[in-house]
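Here is a protein chain to explore step by step. Keep the sequence and the 3D view side by side as you read.

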Amino acid sequence: MVSRRYLRIKTMQALYAYNANPKAEARTYEMNLVKAVRDCYELFLWLFALLPEIAFYRMKKLESMKEKHHPTEEDLNPNMKFVNNAVIRQMENNATLKHLWLKHHIQWEDDTDLISRLFREIETLPEYEVYMSSRDSDYKTDKRFALSVIEKVFATNDLLHWFLGEKNTHWIDDYEEAMLMFYQNVKDFKEADGDDSKIATLFKSPEDEQFCRRLFRKTIENADEYTRMIEEKLQNWELERVISMDMLLMQMALCELLEFPSVPIKVTLNEYIELAKWYSSDKSKVFVNGILDRLIADLRDSGRIVKTGRGLYQN
C-alpha cells in the first residue's frame, strides 16, 4: 500500500498545480490527484509481472538450446534453479495478481529486448553466481535471491525506469514508491501461503483513501485563514517574500493539525519539514520548522488542536 508521505506529496503537487491556475476548477485537480495515486498501484503491478516474465524468457532460451545441432551436456541438462525459483512461481500463479494483470492489461511479452537486458544484468550479479552454484534449494534461499534482484537490478536500472516513464509520465516520480511496495510485498511472502500469498492493496485502510482527498479540499477551503495565521507569525518578513512552496506546505500542515485528529502533531511537523527540505529552498527546512513551532504552540494554548486515537501519541 502507498505511504502517507506519498499521499502528502501527491496532494502537494495537485495543490501547487491548482494554485498556479486561478481559473481552474478544484474538482478537476482532485480527480487528477486520485488518478495519479491509482496509477502508482498500476506501476506496482507492472513491477510484479517482471520476474515471472524474465523467468519465462530464460526457460524459452534454455529450451531452444536443447535444439542445437550439437548440444552440450549443459545444454541438455541446464541449471533450472532460476526458472524454478519458488517465489517467482508464487508470483506467476497468484490468482489475485493474475486478475489484476488482466484487469490492467499488464503484459511484458512484447518487450523482449528489455526483458533480455534485465536478465543479462541479473546474470552479472555475484548473488546470481552464488545462487545458481549453491546446493541449497529451499524457500528462504529463493526469496533472498528474488529480493536481491529487486534491490540490485530493478531498483537501480535506468533503462527500466525510463521505459516505464515512457508508459506513464507519473511513473518517473512514482518509481521509488512502487518499488518499495513491491519489495516489501515480496518480503512478506510466506512459503505456507503457496499461490495465495497476499498482494498489497492500494490503500492500507479506507481512512487512507480519503486522506488525500480531504487534505486537498480542506487546504483549499481554509487557505485564506491559514495564510492569515502564518502571516501573524512572520517576524521581519513580508508575506510576499515567502516562497510559494513554503506557504503551501505550511497551509497543508495547518490543515492536518486542525482537521485530522488521528494524525499525531509530531508526525505532521516532521513530515512537512522533510517535504520542505526536498521540494523547496535550502533554507526552507529551518524556516518552515520555526513558523510551525510557533503556530503549534498557539493552537495548543487556545485548545484548537484536538487529537484522538493514534493522534494522541507522540505529541
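Start at Asn-168, in the loop between H10 and H11. Helices here are DSSP runs of H or I with at least four residues, strands are runs of E with at least two, and both are numbered from the N terminus. Is Asn-168 buried or exposed? Asn-168 is buried, with a relative accessible area of 13%. Buried means under 20% relative accessible area, exposed means over 50%, and partly exposed lies in between, using a 1.4 Å probe and protein chains only. A polar atom of the Asn-168 side chain sits 2.9 Å from the backbone nitrogen of His-170.

A word on what you are looking at. This is a predicted model, where local features need pLDDT of at least 70, side-chain atom pairs count only at pLDDT 80 or more, and totals for chains, interfaces and linings use all residues. Residues are numbered from 1 along each chain as its sequence is written, and side-chain values use heavy atoms, with hydrogens and water left out.

Now move from His-170 to Phe-189. The two are 19 residues apart in sequence and 28 Å apart in space, C-alpha to C-alpha. Phe-189 belongs to the loop between helix H11 (170-187) and helix H12 (206-221). Phe-189 is buried, with a relative accessible area of 2%. What touches it? Contact means heavy atoms within 4.5 Å. Leaving aside neighbours within four places in sequence, the contacts of Phe-189 include Phe-48, Val-87, Met-91, Tyr-139 and Ile-199.

Next, find helix H7, residues 112-123. Its twelve residues should span 16 Å at 1.5 Å a residue. The expected span is 1.5 Å times one less than the number of residues. The end C-alpha atoms of H7 are 16 Å apart, which agrees. Which residues of H7 are buried? They are Leu-114, Ile-115, Ser-116, Leu-118, Phe-119 and Ile-122. Their cover includes helix H3 (50-65), helix H8 (126-133), helix H9 (139-154) and helix H10 (158-167).

Finally, step back to the whole chain. It has 16 helices and zero strands. Its C-alpha atoms fill a box of roughly 85 × 40 × 35 Å, taken along the principal axes. Of the 315 residues in the chain, 49% are buried. Among contacts between residues at least 6 apart in sequence, 79% join residues at least 24 apart.

Conventions:
Polar contact = N/O pair within 3.5 Å; in protein donor to acceptor, adjacent residues only side chain to side chain.
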